[in-house]
Amino acid sequence: MGRILLLADGLFAKEFVNKIFNNKTFEEIIDIVYYNDESVDLNLKNEQFFYYKFDPTSLIKLENLLNEEYHQVIIYMQKKEDALACYENLRKVHLRLNVVLMDFWGLDIKDNFCEIISICDTLNTRLIGCLDNMPSMAQFIGLGKGEIMEVKISAGSSFAYRHVSSISQKRFRIVMVYRNNDYILARPGLILMPNDSILIVGDPKALQSVFSSVKTSLGRFPSPFGDNILCIIDMKKMDEFSINKLIYASLLFHTRINSKKLYFRVINPTLTSMYYKLKSLNKNSVEVIFDYDYIDIKNIKNYTESANIGLIVIENYLFEKEKEFLFNLKIPILKAGIGDFADLKSSVVLSSNFEDVEGIASIMLDLNKQIQLNLSLYYYAVKLNKAELFEYIQYFESLSKLHDEKLLQIEEKERNPISKFSYRQNMLHFIPFNEKILGNKLNKIFKTDLNTLYYKMNKNYQLFIPSL
């Protein structure tokens, strides 16, 4: 049985002793040193609790008690001078003894064998965790560095009405769901509901990103991917018509959605009329950057992070050439179609795999509400039984109500809907941006998955959305 020494003074220390005494799992011997009768309740006695009344700031008196083999000392004093004196006395006797010091004053003690418990930091962190839009951090288990977090799912969250398995959990895991004052172990098929709280563990930086994603409210796209739009123009490979089309699509998108800034990044710039047109756009919330040093887009990765880019607008040829690089950016990509963006009449998502669409559904509905197009969802339900189909329809109906956005759902059994839309040019086609998009067309000719066959609709504007 181990032995602990507690140097106690004040009402907080008294309450601490009470908590230990009432904890049935505490099995160690604790020696309590006090000099103020109000700091202890001497009725709390058993074979584990021993009391010594003397001033612990006295080195001679404390040194006699330290003949015992203590593996830990706790300093819980109400006066700064007493706390420091006790600590200095301990270090004069034992340089490497494990010390825990309760700090009310912001002490600066550099000692690898002394753990400072800042009362102010603890209380402030706990209070911040009570605010609706702030995460609750676990401080007293694990490393206490934010690797364990509890987040409440609001009614408008992008996580609401989604299966746990549909959420891309990279560098973190959802391990527990709290609902109606009860807990549920997270499982792939569990649907997260508004007002649920989720317990997530993982990389602290990843958890902060997850928190931002969970708390992202409706009408916020391109958040949670970022705040700004980046349009990439290659003046060497694009003709004047293509450049104009990309400029107007980006400007129109910027005015319709909740983006803060629009960046035009021009690679291989040439002194043409389009150069001066682009230069004239450089004002207010639009910034034009002429890149004379680099000839491809693989140098933009760091820039997308520093500029907080949440959407990239590019031409079709560039998407096909660099789609693996773009996929790894984990940013939505708007690929231009043949016509003008202003001529779009409707939007569509084609699905033969419910899990793929579920991962982007909330983002898709959020964006569609901002750009105000009529959205249709087509199921190519060759292998889908009635029970599964009913579950999916119920899911999308709930999500549509949450976003206050009408979603027309159409089930296709006889004919692949891509054949119906491949000739159209006035639609925005939503596509889950996953591994199925990668690879060349020859490997996809005989596939039936609608994501894989996205290229058959490349006359339309296509928005590739990574799963959150």
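**Close-up views of a predicted model**

**View 1. Strands β1 and β2 in a parallel sheet.** Strand β1 (residues 3-8) and strand β2 (residues 29-34) are paired in the parallel sense over five bridges, where two strands pair if DSSP finds at least two bridges between them, and strands (E, at least two residues) and helices (H or I, at least four) are DSSP runs numbered from the N terminus. Within this pairing, Leu6 stands opposite Ile32 in β2. The model is predicted, so local features need pLDDT of at least 70 and side-chain atom pairs count only at pLDDT 80 or more, whereas totals for chains, interfaces and linings use all residues. Residues are numbered from 1 along each chain as its sequence is written, and side-chain values use heavy atoms, with hydrogens and water left out.

**View 2. Helices α6 and α7.** Helix α6 (residues 240-256) and helix α7 (residues 273-280) pack at an angle of about 10°, with their axes 11 Å apart. That angle makes α6 roughly parallel to α7, a term for angles under 35 degrees. The contact involves Glu240, Ile243, Asn244, Ile247 and Tyr248 of α6, together with Ser273, Met274, Lys277 and Leu278 of α7.

**View 3. The largest nonpolar core around Ile233.** This core has 72 residues, and those with the most contacts inside it are Ile198, Ile233, Phe253, Phe264 and Leu278; a nonpolar core is a set of buried Ala, Val, Leu, Ile, Met, Phe, Trp, Tyr and Cys residues joined through side-chain atoms within 4.5 Å, buried meaning under 20% relative accessible area (1.4 Å probe, protein chains only). The largest share of the core, six residues, comes from helix α11 (residues 361-371). Not counting residues up to four places away in sequence, Ile233 touches, among others, Met238, Ile243, Phe264 and Leu278.

**View 4. Strands β14 and β15.** Strand β14 (residues 228-234) runs parallel to β15, and seven bridges join the two. The bridge partner of Leu230 in β15 is Tyr263, and six of the seven residues of β15 (residues 261-267) are buried.

How values were computed: Buried means under 20% relative accessible area, exposed over 50%, partly exposed in between (1.4 Å probe, protein chains only). Contact means heavy atoms within 4.5 Å. Axes are lines fitted to C-alpha atoms, for helices over the stretch in contact, and angles run from 0 to 180 degrees between N-to-C directions. Angles under 35 degrees count as roughly parallel, over 145 as roughly antiparallel, 65 to 115 as roughly perpendicular and the rest as oblique.
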